[in-house]
Amino acid sequence: MSNNVILFGSQGALGRRVANAISDYSDMLVSIDMMDDNNSTNNKLLTIKADFSNIDDVIKILEILDGKKFHGMYFAGLLSNSTDTKLLNLNCNSNITGLVNVINLLKPCLSHFTFISSISVYGIPEINPIREDAKLKPTTVYGAFKLAGEHLARVLCAKLDIPLTIFRVTQIF
């Protein structure tokens with residue numbers, strides 16, 4: 001069984017750290033992001049510049065993957081709490097449209113899917129530490145989009161029979 005991993009949103013703080021941490025343990029690592037920052041000398045790393053909210057870009061990714069199976073990890077997300085319409089649309093493109101495109105269009109290549117969420121889906125915690133079964137009540141735009149992404153990932157992965165894992169990380173720095 002191959003140990004191929006594809007990281008969506010790999011140039012952010014967390015995605016970059018995970019890429020560095022798992023590069024030695026994967027057979028093939030594909031790093032995909034809107035930012036073009038390929039300064040790696042790792043010959044197992046394939047870097048692709050793409051916009052997940054653009055269907056044509058995601059179809060090109062599918063062609064490059066050439067039927068190989070991957071564990072997909074979705075780190076992409078715009079960390080913004082602005083209510084400005086343009087920023088809300090960018091947030092939606094990154095957190096929702098991109099996620100839908102990746103799961104639906106790359107289904108033939110996904111052996112497992114991991115959605116990286118945030119503890120911001122809990123809002124202001126009533127107790128610390130936050131338990132996984134705490135009430136979900138985001139108080140920020142970012143938290144609302146992450147929670148929507150979790151719900152979408154659950155529904156799409158269930159319908160497409162793709163195993164799903166969701167991580168709610170605490171801090172990204």
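In this predicted model, helices α2 and α3 meet through a defined set of residues: Ile-55, Val-58, Ile-59 and Leu-62 in α2 contact Asn-101, Val-102 and Leu-105 in α3. By class, this contact has six nonpolar residues, one polar residue and no charged ones.

**Helix pair α2 and α3**
- Helix α3 spans residues 85-105, and its axis lies 10 Å from that of α2.
- The two helices pack at an angle of about 35°.
- Their crossing is right-handed.

- Strand β1 runs parallel to β2 (residues 28-33), and five bridges join them.
- Ile-6 stands opposite Val-30 in β2.

**Helices on the sheet**

**Gln-11**
- Gln-11 lies in the loop between β1 (4-8) and α1 (13-22).
- Its relative accessible area is 10%, so Gln-11 counts as buried, the cut-off being under 20%.
- The side chains of Gln-11 and Arg-16 are joined by a polar contact of 3.0 Å.
- Gly-72 is 61 residues from Gln-11 along the chain, and their C-alpha atoms are separated by 15 Å.

**Backbone features in loops**
- The peptide bond from Asn-128 to Pro-129 is cis, with omega near 0°.
- Pro-129 sits in the loop between β5 and α4.
- Asp-66 has a positive phi, near 50°, in a residue other than glycine.
- Asp-66 belongs to the loop between α2 and β4.
- At 60% relative accessibility, over the 50% cut-off, Asp-66 is therefore exposed.
- Asp-161 is not a glycine either, yet its phi is positive at about 60°.
- The loop between α4 and β6 holds Asp-161.
- Asp-161 has a relative accessible area of 69%, so this residue is exposed.

Methods:
Residues numbered from 1 in each chain as written. Predicted model: local features only at pLDDT ≥ 70, side-chain atom pairs only at ≥ 80, totals over all residues. Heavy atoms only, no water. Helix = DSSP H or I, 4+ residues; strand = E, 2+ residues; numbered from the N terminus. Buried < 20%, exposed > 50% of the residue type's maximum accessible area, 1.4 Å probe, protein only. Polar contact = N/O pair within 3.5 Å; in protein donor to acceptor, adjacent residues only side chain to side chain. Pairing = 2+ DSSP bridges. Axes fitted to C-alpha atoms, helices over the stretch in contact; angles between N-to-C directions. Left-handed = near helix turned anticlockwise from the far one by under 90°. Contact = heavy atoms within 4.5 Å. Nonpolar A, V, L, I, M, F, W, Y, C, P; charged D, E, K, R; others polar.
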